[in-house]
Amino acid sequence: MASEDCQDARIARIAAAIRVIPNFPKTGIMFQDITTLLLDTRAFRDTIDLFVERYKDKDISVVAGIEARGFIFGPPVALAIGAKFVPLRKPNKLPGEVISEEYSLEYGKDKMEMHVGAVQAGEPALVIDDLIATGGTLCAAISLLERVGVHVVECACVIELPELKGRERLGEKPLFVLVDAA
Amino acid sequence: MSGCRDEDPRIHGIKTKIGVVPNFPKPGIMFQDITPLLLDPKAFKDAVDLFVERYKDKNISVVAGIEARGFIFGPPIALAIGAKFVPLRKPRKLPGEVIFEEYVLEYGSDCLEMHLGAVEPGECVLVVDDLIATGGTLCAAMNLLERVGAVVVECACLIELPELKGRGRLNGKPLYVLVEYQ
């Protein structure tokens with residue numbers, strides 16, 4: 001199909017534009033660097049288009065992006081589909097009233113915050129980040145949104161690391177990714 | 001000439017969407033919160049459009065955005081004008097080879113990093129952040145870019161705090177803002 005060929009070509013270009021940096025931030029980790037994707041204007045455009053094509057007719061009213069690389073992909077998608085953009089931030093960055101969700105890291109814990117009143121109960125939402133690894137961060141994001149009654153329709157990432165089983169950790173929540181980093 | 005758009009009818013709508021939060025992050029500071037703007041798809045789009053209209057025919061090949069709120073506004077502009085997006089980040093976030101620029105804060109100092117090779121000598125660059133206060137961060141950003149031989153065409157922010165005199169601190173570089181907070 002012509003449209004499938006076109007999609008495959010775009011995905012191939014996106015995958016090729018992602019740079020892998022060994023042993024960052026620590027030994028043994030193969031870091032998936034999306035900054036090279038952002039330098040390829042066509043591939044960056046295609047990344048956003050692929051998300052927009054999927055979500056534009058799904059009545060999504062909120063795109064929630066996870067700090068910081070979710071701030072790069074979320075707003076262009078939100079703008080294109082006419083949705084609000086809600087930043088999910090590290091602690092103490094958002095002024096005013098926030099709700100927070102703690103989550104586990106490999107060593108220790110972190111915390112994610114969202115503004116109270118940014119989203120209304122019943123709103124359909126998309127959660128965006130650059131990458132899903134173990135799924136811990138995305139799960140925290142889903143929790144934050146669901147605690148205020150938002151319906152998380154799907155999570156969307158540019159890259160998935162399938163070996164880390166993040167998709168399983170999201171359980172029934174659908175996950176859409178463009179590229180598998182095997 | 002540096003400018004501030006106060007004639008365009010879209011500016012009023014944008015201005016009303018910037019929240020002021022007193023005493024954040026510490027007593028005496030009136031924090032300019034852009035998150036309500038992001039919750040208004042029309043106002044957010046208008047803000048981006050105002051920048052795009054100004055820059056689309058200026059041969060800008062790079063939009064550099066300052067972490068983290070510059071990541072929200074920079075990419076939509078970059079995508080619309082066909083420029084690369086380059087994130088300027090806090091220390092130790094960017095993998096691979098970086099250059100860094102230290103800059104002074106009210107108490108202490110901070111550091112901004114950029115990937116080596118992201119920007120070529122002679123490229124025309126726009127620097128984007130949500131707000132200019134003292135201008136310290138924007139100066140650091142411009143220094144990073146000029147050190148690799150790029151030409152900073154202009155700095156663009158949604159908000160200026162004129163009392164803090166950041167505009168005069170930019171070594172003669174033009175500054176364009178949408179809204180001033182007096």
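Guide: Helices (H or I, at least four residues) and strands (E, at least two) are DSSP runs, numbered from the N terminus. With those labels, A:Asn23 is found in the loop between β1 and β2 of chain A. This is a predicted model, where local features need pLDDT of at least 70, side-chain atom pairs count only at pLDDT 80 or more, and totals for chains, interfaces and linings use all residues. Residues are numbered from 1 along each chain as its sequence is written, chains are lettered from A and ligands numbered from 1 in the order in which they are written, and side-chain values use heavy atoms, with hydrogens and water left out.

Visitor: What is phi of A:Asn23 near?
Guide: Phi is near 60 degrees there, a positive value in a residue other than glycine. A:Asn23 is partly exposed, at 45% relative accessible area (buried is under 20%, exposed over 50%, partly exposed in between, with a 1.4 Å probe and protein chains only).

Visitor: Changing topic, how many residues does the contact take from each chain?
Guide: Chain A gives 34 residues and chain B gives 33, where contact means heavy atoms within 4.5 Å.

Visitor: And which element gives the most on the chain A side?
Guide: Several elements of chain A each supply at least two residues to the side that touches chain B, including β1 (19-22) and α3 (41-55), and α4(A) gives the most, with 5 residues.

Visitor: Which peptide bond is cis in chain A?
Guide: The one from A:Glu67 to A:Ala68 is cis, with omega near 0 degrees, and A:Ala68 lies in the loop between β3 (62-66) and α4 of chain A.
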